[in-house]
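Please look over the sequence and the structure below before reading on.

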There are 2 protein chains.
Amino acid sequence: MMAEPAAALGIPLRLLAEAEGVSAAQVIVDQIVGDHTDLADLRAVTAGARVVTFDHEHVPTDHLRALVADGVAVRPGPDALVHAQDKGVMRERLAALGVPCPRNAIVSTLADVEAFGVPCVLKTTRGGYDGKGVWFVRTAADLAKAEEPLRVAAETGVRLLAEELVDHRRELSALVARSPSGQAAAYPVVASTQLDGICHEVVAPAPDLDPDLAVQAQQLALTIAGELDVTGMLAVELFETSDGRILVNELAMRPHNTGHWTQDGAVTSQFENHLRAVLDLPLGSPAARTPWTVMVNILGGPREQVGRLYDGYPHAMARDPHLRVHLYGKDLRPGRKVGHVNAYGDDLDDCLERARHAAAWFRGDLGDESE
Amino acid sequence: MMAEPAAALGIPLRLLAEAEGVSAAQVIVDQIVGDHTDLADLRAVTAGARVVTFDHEHVPTDHLRALVADGVAVRPGPDALVHAQDKGVMRERLAALGVPCPRNAIVSTLADVEAFGVPCVLKTTRGGYDGKGVWFVRTAADLAKAEEPLRVAAETGVRLLAEELVDHRRELSALVARSPSGQAAAYPVVASTQLDGICHEVVAPAPDLDPDLAVQAQQLALTIAGELDVTGMLAVELFETSDGRILVNELAMRPHNTGHWTQDGAVTSQFENHLRAVLDLPLGSPAARTPWTVMVNILGGPREQVGRLYDGYPHAMARDPHLRVHLYGKDLRPGRKVGHVNAYGDDLDDCLERARHAAAWFRGDLGDESE
């Protein structure tokens with residue numbers, strides 16, 4: 001989705017695509033097919049580039065350091081990005097900064113997990129994504145669930161993190177853009193709804209959020225961005241606890257699903273501000289253009305529906321001429337994020353209804369029923 | 001600029017580019033380099049396409065008819081497009097429809113021009129663009145100016161049209177999108193400022209426009225779109241006469257410079273609605289998102305400034321974080337349109353100042369002066 005503002009701003013992109021015809025390869029002319037874990041491929045795509053950036057965190061830290069040693073401007077840099085790649089490193093650093101986090105500890109044995117206490121959640125420190133690499137241990141009887149991830153951790157050397165299950169009212173997300181020269185812009189704090197670790201819905205701004213807590217969340221995100229020397233977008237996913245505190249859940253250093261609402265709801269989208277930030281151009285305003293924006297992801301339902309996604313257009317567009325549709329050029333597969341819709345306006349309930357209806361329609365949940 | 005909404009909507013584009021690396025070729029992956037006046041090239045790029053459309057009017061009408069005979073869905077179709085290609089055909093048809101136009105006549109000799117009366121403007125019926133193919137005959141002493149275009153018309157068979165010089169308050173533009181099934185959406189009527197036949201500035205909506213005249217302009221555009229069976233965007237450029245009438249100046253059947261404000265100022269941009277219309281998808285809302293939007297073109301100044309355009313970014317973006325910048329990946333050359341800026345907000349004077357400042361800065365008019 002960075003391709004759209006790059007086209008508008010006349011910024012040439014070169015893509016390392018994991019395969020021909022993938023989403024980004026459909027819209028970026030200058031592309032190389034290769035493997036983001038292969039240093040030779042990384043060197044091929046970054047040669048001569050003014051700046052290198054990412055739309056995921058999975059490029060190995062050592063390869064990024066090698067690129068930096070080659071003289072490539074990697075943004076965010078490896079010393080920042082490692083905090084989004086390794087949850088263990090992230091927790092240690094945030095603790096050192098005094099940033100409020102769920103209670104957590106690295107665990108190596110079942111006894112460690114027992115000592116940490118249940119209920120808890122176990123997370124692989126590297127490589128987890130969209131609910132993968134996460135195990136819930138809710139009762140003592142569940143302890144056996146920890147055996148498999150502990151074994152994998154021991155074998156791979158990828159550490160396992162135990163975290164308390166936070167009694168939370170909801171999840172929030174604070175996004176900031178930050179440039180190498182230190183300019184930073186904080187977007188309004190949003191509320192996100194997760195199902196099975198996958199983001200389903202975002203409301204901007206978070207409804208009924210205590211203004212002090214909103215400022216605290218933005219300040220926290222700005223502090224983290226500054227202290228970790230983040231360049232580009234930083235998403236700080238937060239728990240709003242039932243007793244009115246915020247705790248950091250996860251960090252991402254790229255345009256993030258909880259910022260997709262900005263494409264239609266903010267003056268400057270997160271994708272444009274990510275590009276501006278990594279190029280050290282002045283940032284665009286992160287202000288909302290409208291009282292409410294609701295983003296709902298389009299996820300594949302239980303059935304494989306190759307080519308069926310676009311069948312949703314005539315109804316969705318006719319029902320709601322204000323609806324903003326973003327599809328990623330992917331086929332509908334169970335559980336796969338293939339697009340999202342944004343609905344904005346003055347009335348939150350209206351936005352929620354419009355966005356949810358459209359997303360359900362695209363993913364086929366409404367079947368052949370008309371209304 | 002259609003590439004941006006096409007990416008968002010997951011609509012695959014295939015481009016016929018006049019040369020490698022031209023503006024559109026920088027952002028559309030699937031491309032063929034060829035000549036839009038060569039039927040073989042047209043057949044190569046349109047083979048297998050669901051719909052064929054244009055970003056200019058210069059594909060020969062006969063070639064379009066050949067494509068239609070091949071079974072290609074050409075939108076707008078040749079019978080509609082000819083009215084944007086041939087000003088003589090356009091004037092005859094609008095007269096038959098009773099649409100108010102400046103007094104006009106086809107002229108073949110100096111005596112015809114004299115009989116038509118001066119002052120007048122002579123226009124080549126085909127191939128004119130951005131002030132080219134237009135000659136002003138302001139006084140009887142100017143009549144000799146008509147000799148050259150009359151000679152060219154006689155030699156080429158491209159007819160010459162004489163039109164009265166309309167005493168007008170300003171120029172307006174009424175844009176509509178229309179789909180093959182007949183759905184149509186009218187954008188707010190805008191005011192445009194032309195210098196030497198080139199659009200410099202657009203204010204949306206047209207300030208202080210009589211609401212009855214605005215409705216009349218929209219109805220006129222909808223009528224023309226319907227009667228001519230236009231598919232896609234139709235721009236009707238109008239004179240608002242000093243005595244409060246509107247007369248049709250020109251027609252364009254594609255996204256038009258007077259609609260660039262819609263990228264940031266309307267719910268659905270003209271580029272997205274052009275795509276939706278030619279694909280016969282329901283149209284998006286053409287409503288304004290904000291009280292005022294001002295578009296100012298970035299035109300090359302007197303000097304060639306290859307590569308200098310992007311120097312404008314740091315200042316323009318820092319001065320106005322709400323500014324929306326659209327560059328076309330072209331170098332600054334004297335008189336060339338290389339981009340535009342949009343400024344929107346609640347206060348018209350503020351929008352005008354911001355957009356004019358930024359455009360002047362990009363084109364280098366402000367030189368090295370800071371403010």
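What follows takes up confidence, then the contact between the chains, then a pair of helices.

This is a predicted model, and its scores are ipTM 0.93 and pTM 0.95.

**Confidence**
- The mean pLDDT of chain A is 94, with 98% of the residues of chain A reaching 70 or more.
- Where pLDDT is low, the predicted coordinates should not be read in detail.

**Contact between chain A and chain B**
- Chain A gives 28 residues to the contact, and chain B likewise gives 28 residues.
- On the side of chain B that touches chain A, at least two residues each come from helix H1 (3-9), helix H11 (313-319) and strand E14 (324-327) of chain B, and the largest share, five residues, is that of H1(B).
- Sorted by class, this side of chain B has 19 nonpolar residues, together with seven polar and two charged ones.

**Helices H3 and H4 of chain B**
- Helix H3 (residues 61-70) of chain B and helix H4 (residues 78-85) of chain B have axes that come within 10 Å and cross at roughly 165°.
- Because angles over 145 degrees count as roughly antiparallel, H3(B) is roughly antiparallel to H4(B).
- The crossing of H3(B) and H4(B) is right-handed.
- From H3(B), the residues B:Thr61, B:Leu64, B:Arg65 and B:Val68 meet B:Pro78, B:Leu81, B:Val82 and B:Gln85 in H4(B), and by class this contact has five nonpolar, two polar and one charged residues.

Notes: Residues are numbered from 1 along each chain as its sequence is written. Chains are lettered from A and ligands numbered from 1 in the order in which they are written. This is a predicted model: local features need pLDDT of at least 70, side-chain atom pairs count only at pLDDT 80 or more; totals for chains, interfaces and linings use all residues. Axes are lines fitted to C-alpha atoms, for helices over the stretch in contact, and angles run from 0 to 180 degrees between N-to-C directions. Helices (H or I, at least four residues) and strands (E, at least two) are DSSP runs, numbered from the N terminus. Angles under 35 degrees count as roughly parallel, over 145 as roughly antiparallel, 65 to 115 as roughly perpendicular and the rest as oblique. A crossing is left-handed if the near helix is turned anticlockwise from the far one by less than a right angle, and right-handed if clockwise. Two residues are in contact if their C-beta atoms, placed from the backbone, lie within 7 Å. Ala, Val, Leu, Ile, Met, Phe, Trp, Tyr, Cys and Pro count as nonpolar, Asp, Glu, Lys and Arg as charged, and the others, Gly among them, as polar. pLDDT is the predictor's confidence in each residue, from 0 to 100.
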